Amino acid sequence: MSTTVIPDAPVRTSKTVESPAKRRQRLSSGTLIAIVGLLLAVAAFTSTGTSRIALSDAFDEIKLPTIEVPAVPVVALAAAVLLFVGGFFVAKRVPKPYSTWLGVLAGVALLVGFIVWVAADAPLPFTLTNQLNGTLQYATPIMLGAMCGVLSERAGVVNVAIEGQMLTAAFTASVVAGLTKNLWAALFAAVLAGVLSAVLLGIFALKYLMDHVVLGVVINLLATGFTGFMFHQLVKDSPDLNAVAVMQPVAIPGLSQLPFVGPILFVQRPLSYIAIVSVVVVWFVLYKTKWGLRVRSVGEHPHAADTVGINVVGTKFSSVLLGGVFAGLGGAFFTIGNSGAFQTTGVTAGNGFIALAAVIMGRWHPVLAALMALFFGFSRQLAQTVGPLQTPMPSEFLQALPYLITIIAVAGLIGRVRGPAADGVHYVKGH
Amino acid sequence: MSTTTHSAPVLHLEGITKRFGSLTANDSITLDITPGRIHCLLGENGAGKSTLMNVLFGLLEADEGRITIGDQPLLAKGPKEAMDAGIGMVHQHFMLIPVFTVAENMVLGSEPGRAGLLSISDARARVRELSERYKLDVDPDALVEDLPVGLQQRVEILKALAGGARYLILDEPTAVLTPQEIDELMAVMRALRDEGRAIVFITHKLREVKEVADDITVIRRGKVVGQATPDASETELASMMVGRDVSLQVSKAPARPGEPRLVLDGVTVAAPSGAVAVDDLSLTVRGGEIVVIAGVQGNGQTELAEALLGTLPVAIGTVTLDGVDITDAPPAETLRAGLGYVPEDRRRDGFVGEFSIAQNLVINNLREFANRGNLRLDAIEANAIERIEEFDIRTSSHTAPLNSLSGGNQQKVVLARELSRDLSLLLANQPTRGVDVGAIEFLHKRIVAERDAGTAVLIISTELEEVESLADSIAVMYRGRIVGIVPPDTPREVLGLMMAGVSYEDAIAGREGSGE
């Protein structure tokens, strides 16, 4: 149509060469996958008989058949897949989409192989519905915590205080539930506590320009100290404050009757439903609203946002505060949401940090972060499901498994990810 | 074309003073910005041009002085007020968010949509409408980080125009552009002027000023030192800028190339992201000649320099210096092999700002200035005094921290340090970036002297003036490859086309084709 002004301009190449860092990552993940494959191969030959995988449990109305598979060939096949993928990674460079698919294939093979091996010749079947239902339950606080992390980090405030925010909220929910005997009032109080701790984070990070990581650690310590002190002074010996009701699972009429998915998705405690809605809300707010665009802009390039008249500090603050709402909801899970009165400052059990890991592995995207939270929930529930099956594996190892998987996933398979460009950077006008 | 904005009043800055601590960046500056004219602010780096414009745009608050538009005082507490008053600014470092699309960047701060929702389709429409109106083509859905700098700048200009700018400030807009892109930009500037807008064009490049300016104001050390008209000669403008007579041309004898000293054979280097930055590049530099790698920033020059030094790995190919294979050798080895290295960003890679001049002068040569781990302080001091004298480093004392020196004097320290060793190859990346015109002259002379001493000299530069005045031969680099090696008297248009990837033959043909 139009004549080219510059004759014979070369076409832009998109060639890449493997950098040493990427090569190291590829080789190490390949080796790791291959080693796991070898372990599974050894496991295959030590297992005998059949594995039973149940698709429904004794209380479900619609009974689904229990699948029986011969253990040795299935585990051996899974091991072979892992060895193949690992060998492939070690042998040659795999371009981007294929490497992801190969990684997913290896993950699925590992899961199938592991579950079948665990269930081989066990006295009880491995109940898949329980596993998946529990996954969502364990993932609930992680998902909510991750939403808090996504909101503050997208605005450029590094948040390692999720744990402390959740702990404060957990305690507040318990006390208010004891006082009012109203779980919704308690939930509201938890949200308020989450927001208040976010105010603390916001003021010191944005007004007094304190280092975000140091500040986060301080808030976590403060939360432990404060809740522990208050618990011992006020709550411990007061039977009134110590007796707290728990939100019971709510079966959604109709949907919960569906075979297989019903008992997994639609018989959950209220906070699990709230968590799923929260993910959608955070995604919508960040990507579909004006405010969300501004939040992302101040996390990436605050100076640019300033030059178009955006209130940088105000925007960051508002996002941190909104994050506090989700940390509050997540914290409530540990008391009124799932288990009752606040008994120890250990209730949050590192979930806030796992939420942070989910944020990073999910590349600061709410939906991906939620999927990562589900992944952590899955591995935690796996330890529970496998427990009664009399596996040859010590239960301590099973408990540690989720964390082991986290390290492997973060270090080996995910590698370096790029966060918001100005995450953790103070913004001062005129510099 | 309708001239809807021709009635805009004059923007008047009066007695603007801005201090940073003890430094007076702007000292009582008075300036008139008239609609329908291109007003060039000419001054060296650090003269206070950008500070002045940041004050005008509301990013900085002036300590004294006032700004009026017509008879209305402008009280810009922030960019928002400045934009509302019709002031738009295209910043030297683009104020674009790399991971956002063009449309998202364009509407940021004044997003379309109801009830807090963001309407991307309206944003796209707005971009299309603007790019149609000003004949500046951009794809609304492209990610900014994927666009070449010329297009990013176009987005910046459209962004300013979208805000209804009647007074458009362009802060050093040509620094990152190819010569062709600069020509396009100047055409855009003229078109906007003819529409009745006022353009403030900040630069330190004399040729550009002469080409496009209607009014010229020269600023030196925060003060207006005078006005000039576009028919003033470059030498006149330069001496106004520097405050004394300067010669813009380096007089040098013809090169007498000797044996090849640096040989690059099929070198491929990946940027840390894994993208190929230097692509199968072969080049030979002989002793006693200056080869200048010319090209637009971001075409692999930085990666090439870092690979030669040894801070980036060479993926494929070999590098030899005086017959010794230094491929992938760590910096300690390449430096010992006789490499003198002047980095692109001296503040980051060239020196330790808190250390004194004397310390910085020996920092990569401690072997010579230490005795079993103890620094030989008297030798270091003697060395410093000698170098300060030899390189005309303007300082109160050799114990002064390097941060306290001007850019030009800092660069002299870096060059002095490198040249005080026995070199086989001097590799200087942007040796005069951010250096005042007076010091440029000196640095160029020293580099030529090093050539005459038989050293192979490889310069990387994006400034055509520097390329032309230093080079014995020019290697034009584009997307990691050498497009061609041409003599220094190659016409600028040809160099410009080559910097956009056109081969020498095609560039010559294209020039003749369009010239007649």
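Biologist: How many Å separate the centres of domain 1 of chain A and domain 2 of chain A, taken over C-alpha atoms?

Modeller: Happy to start there, with the note that this is a predicted model. The domain assignment of chain A gives domain 1 as 21–121 and domain 2 as 132–387. Taken over C-alpha atoms, the centres of these two domains of chain A are separated by 33 Å.

Biologist: And which classes of residue make up the side of domain 1 of chain A that touches domain 2 of chain A?

Modeller: The contact takes 7 residues from domain 1 of chain A and 5 residues from domain 2 of chain A. Sorted by class, the side that belongs to domain 1 of chain A has 2 charged, 1 polar and 4 nonpolar residues.

Biologist: Let's stay in chain A. At what angle do helix 6 and helix 7 of chain A pack?

Modeller: Helix 6 of chain A covers residues 183–207, and helix 7 of chain A covers residues 212–235. Their crossing is right-handed. The axes lie 10 Å apart, and the packing angle is about 150 degrees.

Biologist: How many charged residues does the contact of helix 6 with helix 7 of chain A have?

Modeller: On the helix 6 side of chain A we find A:Ser197, A:Leu200, A:Leu201, A:Phe204 and A:Ala205. They meet A:His212, A:Leu215, A:Ile219 and A:Ala223 in helix 7 of chain A. By class, the contact has 7 nonpolar and 2 polar residues, and the charged count is none: no charged residues.

Biologist: Good. Which helices of chain A each supply at least two residues of the side that touches chain B?

Modeller: The contact between the chains takes 35 residues from chain B and 30 residues from chain A. On the side of chain A, the classes are 12 nonpolar, 10 polar and 8 charged. The helices of chain A that each supply at least two residues there are helix 1 (20–46), helix 11 (290–300) and helix 12 (302–307).

Biologist: Over to chain B. Which element gives the most to the side of domain 1 of chain B that touches domain 2 of chain B?

Modeller: In chain B, domain 1 is 11–242 and domain 2 is 260–354 + 407–515, with 31 Å between their centres over C-alpha atoms. The contact brings together 10 residues of domain 1 of chain B and 12 residues of domain 2 of chain B. Two elements give two or more residues to the domain 1 side, namely helix 6 (179–194) and helix 8 (234–242) of chain B. With 3 residues, the element that gives the most is helix 8 of chain B.

Biologist: What feature does UniProt place at residues 11–246 of chain B?

Modeller: Over residues 11–246, chain B is 34% helix and 26% strand, and the end C-alpha atoms are 34 Å apart. The unreviewed UniProt entry places a feature at 11–246 and also at 262–504 of chain B, and its name there is "domain: ABC transporter".

Biologist: Which residue takes a positive phi in the hairpin of strand 14 and strand 15 of chain B?

Modeller: These two strands of chain B pair in the antiparallel sense over 2 bridges, and B:Thr320 stands opposite B:Asp325 in strand 15. The hairpin has 2 residues between the strands, and the residue with a positive phi, near 50 degrees, is B:Asp322.

Definitions and conventions. Residues are numbered from 1 along each chain as its sequence is written. Chains are lettered from A and ligands numbered from 1 in the order in which they are written. This is a predicted model: local features need pLDDT of at least 70, side-chain atom pairs count only at pLDDT 80 or more; totals for chains, interfaces and linings use all residues. Domain bounds come from an automatic or database domain assignment. Two residues are in contact if their C-beta atoms, placed from the backbone, lie within 7 Å. Helices (H or I, at least four residues) and strands (E, at least two) are DSSP runs, numbered from the N terminus. Ala, Val, Leu, Ile, Met, Phe, Trp, Tyr, Cys and Pro count as nonpolar, Asp, Glu, Lys and Arg as charged, and the others, Gly among them, as polar. UniProt positions are given in the numbering used here, feature names are shortened, and annotations may be inferred rather than shown by experiment. Axes are lines fitted to C-alpha atoms, for helices over the stretch in contact, and angles run from 0 to 180 degrees between N-to-C directions. A crossing is left-handed if the near helix is turned anticlockwise from the far one by less than a right angle, and right-handed if clockwise. Two strands pair if DSSP finds at least two bridges between them.
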